[in-house]
Amino acid sequence: MNLSATATIRHGLGPRLQSGLLKVGGLAALVVVWQIVTATLGVPSYILPEPSQLGPGLLQDRNQILDGLRPLLVQSALGFAFGNAFGIVLAALVNRFATVRVTVMPVALAVRSIPIVAITPLITLILGFGLKTTVTVATLITFFPAFINMVRGLAAVDREALQLFRTLDAGELTVFWKLRWPSAMPYFFSALKVTAPAAILGATVAEYIASNSGLGYMIQNASTNFQYRLMWEATIVTTAAVIVAFAVVSWLETMLVRWAPER
Amino acid sequence: MTHLPSFRHWARRVAAVLGVLVAWQVAAQLADGRARAVPPPTAILQTLAANWDLFVGDLQYTLLEAAAGFLIAVVIAVGLALVFIRSRPAELGLYNIAVAMHSIPFIAIVPILVIWLGNGYSPKIAVAVLASFFPILVNTTRGLRAVDEQTTHLLRVLDASWWQVLTKVRWPTALPYLLTAFKVGAPSAVLGATIGEWIGSQTGLGYRILSAMFNFDPDLLWATMVVSALAALAGFLLFDLLERLTVGRWVAEAR
Amino acid sequence: MTADPAIDLRGVSKRYLTRGGEVEAVSSLSLAIRAGEFVAVIGPSGCGKSTLLKMVAGIETPTAGTITVEGGTPDQARRRRLFGVVFQDPVLLPWRTLEGNVSLPLEIVGSRRPERARSARELIELVGLAGFEASLPAQLSGGMKQRAAIARALILNPSILLLDEPFGALDEYTRNQLNLELLRIWSQSRVTALLITHSIQEAVLLADRVVVLTPRPARVAMEVDVTLPRPRQLAQLRTRECFELVGRVSAALYDRLEREAGRERGEPAAALAPGHLDSR
Ligand SMILES: Nc1ncnc2c1ncn2[C@@H]1O[C@H](COP(=O)(O)OP(=O)(O)O)[C@@H](O)[C@H]1O
Ligand SMILES: [Mg+2]
């Protein structure tokens, strides 16, 4: 690590600038290669569209894409919000009440490893097609990591800090808000970095098989109707939404839990 | 000695699951057919037993795809991780591409994969690769890097070669991380293969699941879910066992 | 003595480039260590001691100045495998047995298995761990692990032993015990030894010469020749001569702190310095 740091400095560029360039450069190179391959080999656009045509295509189809993006984002955001809210509240209860802990934790730990995306068909069967299913999938996807990590985070309080609060005769609420909650934030954000992208991915899957709105549905519909350009566009926009969600949460993390050592 | 608490944990979890099952059975019996979408556990078991041959046939497809996808994912991920630790610029350039690949909703590219690869095993294998390679890549890279600074200095003073450092220190250090990644990756590969079968397929557990859903056959859907959950669990347990047999000994003792 | 020093640092400086800017860890430091000499370096935490040792070992390069090790560069010395190193942590590989850990350097050099086993057993015996060859690191105590690290450092027959706070994490009893062991081993082999420590007593007990460094950036503040006769024993720690030596090192080490504290209280610094005990 040292080595590369000194090496970059010797080359004259700032190390941050250089690594930033490399990060962007990798993706840019991929797009360039993609463009060259598709253009020179004359790959049919339904197999692999040229990147240079995606921009104009997106512009042309923007109303359709936005009509799909809006429900996708609303459904993922609803599920994300519900999942986090339930997760946090239940974690607080588990932290506070031993009886809740012994009844809820074993079930939660046994159930949490079920991949929610995989049981989307089951949820569809129970709740039917539409909003209820998509939001439920996003909620469940968000809930388990939020809950488990908050339980860990709320419990991961430094024991001496807890004793300090006790000697100051602080009440449960004070301990919670001034000590447990901040201590749990790094854990919560590690969950968010998983759940924010996953909620969108889950909602997409649910839309694909159990809805008639949203980008997921649009991808499915476009592919069955041989509208390959639209299918590609919807796929790329969904991917972009996932990446943006991750980036936003990561940025929030660096802003809000700067104090935490890297875990 | 260290097995006791984990045994108690497991016992508690099994008890919890059994409790949920019993409650479920009672509730379903009381509902008496008004909640058709949620059959009682006994009905699911009956369906399982009655259609066993069907499931075995489905399993063969799904497991083959999952295994192939998992192996390919391991080769790609471990290879890439070695490139990453060898060259920082390569890592900076390639890591974001891996993140982007991982961010593609894999259900969305199933149609694209079908266009590319046809209707056979290949698109499902490809989804299994996509579903499992990222956690393996991340954990392997982290493991290969988990060598502490003083050990690195020791090896430099001994003028050890890159290859020696890799084989004698980095690789053994990474093994527990690798097995953890496999425990995540193997079930993910099963999941990926199943989802790959949801679309444009006539075989496998995924196909069975979606057709049961569209035909509103709750018993069959739940039973197939149980089979695929068991398949994913088998993938996990395989590497869990391997972990206990190999690195478990010194990892457990060192912690 | 006219022979060339085994380790010769001339005007050595080291600056690190960090996010926050440049950090000068070592500043035009000169120091010569004779072959077979035991030198202890002592200085405030973070002053640049480890940096100094890493530069001697050829795993960091100085920003300015030159280092000569047995007539060549540190890098050449490293490739000639002249060094044995012991760090504060024993850095044993947890999946290898004690014997496997001790023989690691031989494996890296590429020597054959029977020879590896023989040398490893010899050294394990030397550091008093016979009988534990097959134990895993997790089964050894802190002191035993550090003994293993010493054995590993010696297995290539190094001519220079570099020790970076090797006993810093141990309790005082174990530390003294290992100091005695180190003395015994060193007096048998008479390698050149460079010990970094933050214990004045340890420095005085082990070394021929104690080099006191200033707070960062590290420079030589004072050198103290340890005149205690060899072979050394723990009992010597209780002699008047030893008290005086410890006092002189302590005075040099705490010089700045004491002057600052004295300035705050408006007292003359000299009155506090224990180094003045002997001149009275
Ligand atoms: N690789 C490095 N990069 C940047 N700064 C470093 C590095 N190594 C050490 N330093 C800095 O140099 C100074 C001296 O460190 P070190 O030599 O480890 O001190 P010590 O005397 O405690 O062994 C410290 O301020 C430390 O932060
Ligand atoms: Mg140090």
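Modeller: Gladly. Start with a definition: a residue is near a molecule if one of its heavy atoms lies within 4 Å of it. Keep in mind that this is a predicted model.

Colleague: What makes the site of ligand 1 a shared one?

Modeller: Apply that 4 Å cut-off. Residues from chains A and C surround ligand 1, so the site is shared between these chains.

Colleague: Which residues come nearest to ligand 1?

Modeller: The shell holds 12 residues. Of these, G46(C), G48(C), K49(C), S50(C) and T51(C) come nearest.

Colleague: Which elements of chain C supply at least two residues of that shell?

Modeller: They are β1 (7-18) and α1 (49-56). The largest share, three residues, comes from α1(C). By class, the shell has three nonpolar, seven polar and two charged residues.

Colleague: What about the backbone of C47(C) and of G48(C)?

Modeller: A backbone N or O atom of C47(C) is 3.2 Å from an oxygen atom of ligand 1. For G48(C), a backbone N or O atom lies 3.0 Å from an oxygen atom of the ligand. Each value is within 3.5 Å, so each pair counts as a polar contact.

Colleague: How much of ligand 1 does the protein cover?

Modeller: On its own, ligand 1 has 560 Å² of accessible area. The protein covers 71% of that.

Colleague: Now the interface of chain A and chain B. How many residues are in contact?

Modeller: 39 residues of chain A are in contact with 36 residues of chain B. Contact here means heavy atoms within 4.5 Å. The area buried between the two chains is about 3,500 Å². Carbon and sulfur atoms give 85% of it.

Colleague: How many salt bridges and polar contacts cross between chain A and chain B?

Modeller: The salt-bridge count is zero. For polar contact, the rule finds one residue pair, with both residues at pLDDT 80 or more.

Colleague: Which residues make up the side of chain A that touches chain B?

Modeller: By class, that side has 29 nonpolar, nine polar and one charged residues. Among its elements, α11(A) gives the most, with eight residues.

Colleague: What makes E91(B) and R145(B) a salt bridge?

Modeller: The cut-off is 4 Å, from a side-chain nitrogen of Lys or Arg to a carboxyl oxygen of Asp or Glu. The closest N and O atoms of E91(B) and R145(B) are 2.8 Å apart. That is within 4 Å, so the pair is called a salt bridge. E91(B) lies in helix α4 (residues 88-103) and R145(B) in helix α6 (residues 121-145), so the pair ties together parts that are 54 residues apart in sequence.

Colleague: How many helices and strands does chain B have?

Modeller: Chain B has 11 helices and zero strands. Its C-alpha atoms fill a box of roughly 75 × 55 × 25 Å along the principal axes.

Colleague: Why point out D159(B) and its phi?

Modeller: Most residues other than glycine have a negative phi. D159(B) is not a glycine, yet its phi is positive, about 55°. D159(B) sits in the loop between α7 (149-157) and α8 (162-196) of chain B.

Colleague: Which peptide bonds of chain C are cis?

Modeller: Among them is the bond from R216(C) to P217(C), with omega near -5°. P217(C) is in the loop between β8 (209-213) and β9 (220-225). Another is the bond from R230(C) to P231(C), also with omega near -5°. P231(C) lies in the loop between β9 and α9 (240-265) of chain C. Most peptide bonds are trans.

Key. Residues are numbered from 1 along each chain as its sequence is written. Chains are lettered from A and ligands numbered from 1 in the order in which they are written. This is a predicted model: local features need pLDDT of at least 70, side-chain atom pairs count only at pLDDT 80 or more; totals for chains, interfaces and linings use all residues. Side-chain values use heavy atoms; hydrogens and water are left out. A polar contact is a pair of N or O atoms within 3.5 Å; within protein, one must be able to donate a hydrogen and the other to accept it, and residues adjacent in sequence count only if both atoms are side-chain atoms. Accessible areas come from the Shrake-Rupley method with a 1.4 Å probe; for residues, only the protein chains shown count as cover. Helices (H or I, at least four residues) and strands (E, at least two) are DSSP runs, numbered from the N terminus. Ala, Val, Leu, Ile, Met, Phe, Trp, Tyr, Cys and Pro count as nonpolar, Asp, Glu, Lys and Arg as charged, and the others, Gly among them, as polar. Buried area is the accessible area (1.4 Å probe) that two parts lose on being put together, summed over both.
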